[in-house]
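Subject: Structure for you to look at

Hello,

Here is the structure I said I would pass on. Please open it and keep it in view while you read the notes below.

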Amino acid sequence: MIRLLLVDDQMIIRQGLRSLFETKSDFQVVGEAENGESAITYLETFHETPLQPDVVLMDVRMPVMDGVAATQIICQRFPVVKVLVLTTFDDDEYVSQAMRVGATGYLLKDTPLEALTNAIWSIYQGHTQLGPGLLEKILTPLPESTTLIAPPEFAELTPREKEVLRLIAIGASNREIADSLYITANTVKNHVTSILSRLNLRDRTQAAIFANSFLSLRDKM
């Protein structure tokens, strides 16, 4: 059973979600919070107890503390808890910020219940979930005026790993990368595993976000 914490400033939304999940025997709503600060207080109170959630369903725009700020704190202080942003806003900046601070998923509130429950299960198992069209928003280049410095771990990548990372950033599959670089799919898989380990990234989605976050990084590749 997956334990859920519902975070939304609208009570009617929380009640609606609770009612939906009550029809699913493999989900349990263990708590609710009206803003990010209340969500963090809940997690502090019930940390390592049967009421600690496995997944937090997090809204974005909320008073006191918004969902992005709360997600960053939760991911830093409670790393075993997954955060799925569930909101009405598909704004590019919201999507990018939420995923960069540690959210493992971003879905819109009009997502059908079956798709939502499947996404929660996938996130619970360690995968990343994005609603239709949201990956493209994350990969939108930053303004040219933006200056970001690649972390030192990037320098540890081999030239081949940088080539693989560049192709991951444009959405290429392992087979497409293999064909492009004239190497085997298994070799690509090994490179991807090494890249994720060296950069301390969770999956290919985070790798793509990483690559597309640094203009200077892309130039060097």
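A contact, as the word is used here, means heavy atoms within 4.5 Å. Leaving aside its neighbours within four places in sequence, Ser122 is in contact with His127 and Gln129. Ser122 lies in helix 5; helices (H or I, at least four residues) and strands (E, at least two) are DSSP runs, numbered from the N terminus. With a relative accessibility of 12%, Ser122 counts as buried, where buried means under 20% relative accessible area, exposed over 50%, and partly exposed in between (1.4 Å probe, protein chains only).

Some notes on the source. This is a predicted model, in which local features need pLDDT of at least 70 and side-chain atom pairs count only at pLDDT 80 or more, while totals for chains, interfaces and linings use all residues. Residues are numbered from 1 along each chain as its sequence is written, and side-chain values use heavy atoms, with hydrogens and water left out.

Overall picture

The protein has eleven helices and six strands. Of its 221 residues, 46% are buried. Among contacts with a separation of 6 or more, 68% are between residues 24 or more positions apart.

Salt bridges

A salt bridge here is a side-chain nitrogen of Lys or Arg within 4 Å of a carboxyl oxygen of Asp or Glu. By this rule the count comes to nine. Three of them are described below.

Is Asp54 buried or exposed? Asp54 counts as buried, because its relative accessibility is 13%. Arg3 has a relative accessible area of 22%, so Arg3 is partly exposed.

Another salt bridge is between Asp8 and Lys109, where the closest N and O atoms are 2.6 Å apart. Again distant parts of the chain are linked: Asp8 sits in the loop between strand 1 and helix 1, Lys109 in the loop between strand 5 (105-108) and helix 5 (113-124), and the two are 101 residues apart. Asp8 is buried, because its relative accessible area is 3%. Lys109 counts as partly exposed at 24% relative accessibility.

Glu161 and Arg198 also form a salt bridge, and their closest N and O atoms are 3.2 Å apart. Glu161 belongs to helix 7 (residues 159-169) and Arg198 to helix 9 (residues 185-199), so the pair, 37 residues apart, links distant parts of the chain. Glu161 counts as buried at 4% relative accessibility, whereas Arg198 is partly exposed, with a relative accessible area of 32%.

At 55% relative accessibility, Asn190 counts as exposed. Asn190 and Glu161 are 29 residues apart in sequence and 9.7 Å apart in space, C-alpha to C-alpha.

Nonpolar cores

In soluble globular proteins, nonpolar side chains tend to be buried together. A nonpolar core is a set of buried Ala, Val, Leu, Ile, Met, Phe, Trp, Tyr and Cys residues joined through side-chain atoms within 4.5 Å. The largest such core has 22 residues, and Val164, Leu165, Ile168, Ile177 and Leu199 touch the most other members. Helix 7, helix 8 (174-181), helix 9 and helix 10 (204-213) each supply at least two residues of this core. Not counting residues up to four places away in sequence, Leu199 touches Glu153, Phe154, Leu157, Leu165 and Phe210. Another core, of 18 residues, lies apart from the largest one, and its members include Val30, Val56, Phe78 and Val81.

I hope the notes are clear when read beside the model.

Regards
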